[in-house]
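Please read the following walk through a protein model with the coordinates open beside the text. The discussion takes up helix packing, then a single side chain and its surroundings, and then some backbone details.

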Amino acid sequence: MRKLSTRRRHPMALLALLALALLLTGAAYATVAPEPATAESASSVSQIEAGRQLFVVGCASCHGLNAEGITTAGDGDEKGNYGPSLIGVGAAAVGFQMETGRMPMAQTAPQAPRKHIEYTQDEIDQIAAYVASLAPGPARPSEEDLDWQSVDKEGISEGGEFFRTNCTACHNSVGAGGALPSGRYAPTLKGVDAIHIYEAMLTGPQQMPVFSEDVLTPEDKRNIIAYVKTVQQQGNDGGIGGGGLGPVVDGMFVWIIGIGGLTAFAVWIGMHGTRSKKR
């Protein structure tokens with residue numbers, strides 16, 4: 001017992017106990033401590049900061065320094081805004097508006113037209129990262145969401161049903177576009193990239209309604225894109241298609257070519273017919 005008691009009071013025992021305590025404390029700290037910044041996270045922060053700098057220079061004059069939007073002076077119906085708030089619109093809205101050249105807008109108008117792109121792809125990605133960091137919002141679609149070429153005939157048929165139900169009132173049955181009230185219009189979908197069709201459904205630019213992932217699933221959106229692209233690739237076996245604008249163009253052909261031709265022929269007959277003389 002005396003020998004055992006002496007070993008317990010050995011000076012090295014205290015050092016061993018202290019080392020064990022330090023080891024346990026370090027292990028506990030490593031478990032709860034935040035992870036150190038990685039190269040990926042540092043790159044993300046750098047991209048957001050670069051996007052903010054671009055935003056302040058090119059976007060803040062309309063959308064505000066903090067993307068809160070700028071409201072014009074006035075009361076009631078006279079009150080409007082130079083640019084709406086971008087908080088919560090997500091990267092998808094930025095990608096659609098900037099990659100189609102709609103933003104920055106050249107001048108105030110009922111609708112932003114598609115035009116030449118003003119920013120590089122890297123700059124657009126940076127601004128999108130900054131806007132996405134302000135609040136949760138729709139992210140850009142994945143490659144799987146945009147793989148419309150893998151959709152089978154059944155999916156294309158289903159996409160056509162969705163398109164005819166929700167989109168033809170504005171975009172026409174083949175996506176040729178159409179006029180809307182107050183100087184607005186539904187743009188043609190011919191030649192539009194799949195990602196921008198998807199993002200338009202996801203974010204609802206301007207007068208277009210928002211079709212969230214709860215309303216139309218990613219599969220539904222992919223099927224709609226497949227239908228639009230398939231229709232655009234089909235030929236016109238009936239001859240002149242008239243841009244696919246339907247009865248409006250058909251009626252125009254009837255009046256201009258048909259009625260116009262008959263009128264011109266009647267005038268010709270009147271000018272070259274036999275003239276009788278009174279006796």
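Helix 9 passes helix 10 in a right-handed crossing, in a model that is predicted. Two packed helices are described by the angle between their axes and the distance between the axes. Here the axes of helix 9, which covers residues 194–203, and helix 10, which covers residues 218–233, come within 10 Å and cross at roughly 130°. Helix 9 therefore counts as oblique to helix 10, because an angle has to be over 145 degrees to be called roughly antiparallel, while 65 to 115 degrees is the range for roughly perpendicular.

On the side of helix 9, the residues that take part in this contact are Ala194, Ile197, Tyr198, Met201 and Leu202, and they meet Pro218, Lys221, Ile224, Ile225, Val228 and Lys229 in helix 10. Sorted by class, the contact of helix 9 with helix 10 has nine nonpolar residues, two charged residues and no polar ones.

Is Glu99 buried or exposed? With a relative accessibility of 12%, Glu99 counts as buried, because the cut-off for that label is under 20%. The side chain of Glu99 makes a polar contact, at 2.7 Å, with the side chain of Arg140. Leaving aside residues up to four places away in sequence, Glu99 touches Arg140 together with Val94, Ile117, Gln121, Ile124 and His196.

Most residues other than glycine have a negative phi, and most peptide bonds are trans. Against that background, the peptide bond joining Met103 and Pro104 is cis, with omega at about 0°, and Pro104 belongs to the loop between helix 5 and helix 6, the latter being residues 121–134.

Which residues other than glycine have a positive phi? Ala67 is one of them, with a phi of about 60°, and Gln206 has a positive phi as well, near 55°. Ala67 is placed in the loop between helix 4 (60–63) and strand 1 (70–71), whereas Gln206 is placed in the loop between helix 9 and helix 10, the pair of helices whose axes cross at roughly 130°. As for accessibility, Ala67 is at 0% and so counts as buried, while Gln206, at 39%, counts as partly exposed, because that label applies to values between the 20% and 50% limits.

Definitions and conventions. Residues are numbered from 1 along each chain as its sequence is written. This is a predicted model: local features need pLDDT of at least 70, side-chain atom pairs count only at pLDDT 80 or more; totals for chains, interfaces and linings use all residues. Side-chain values use heavy atoms; hydrogens and water are left out. Buried means under 20% relative accessible area, exposed over 50%, partly exposed in between (1.4 Å probe, protein chains only). A polar contact is a pair of N or O atoms within 3.5 Å; within protein, one must be able to donate a hydrogen and the other to accept it, and residues adjacent in sequence count only if both atoms are side-chain atoms. Contact means heavy atoms within 4.5 Å. Axes are lines fitted to C-alpha atoms, for helices over the stretch in contact, and angles run from 0 to 180 degrees between N-to-C directions. Helices (H or I, at least four residues) and strands (E, at least two) are DSSP runs, numbered from the N terminus. Angles under 35 degrees count as roughly parallel, over 145 as roughly antiparallel, 65 to 115 as roughly perpendicular and the rest as oblique. A crossing is left-handed if the near helix is turned anticlockwise from the far one by less than a right angle, and right-handed if clockwise. Ala, Val, Leu, Ile, Met, Phe, Trp, Tyr, Cys and Pro count as nonpolar, Asp, Glu, Lys and Arg as charged, and the others, Gly among them, as polar.
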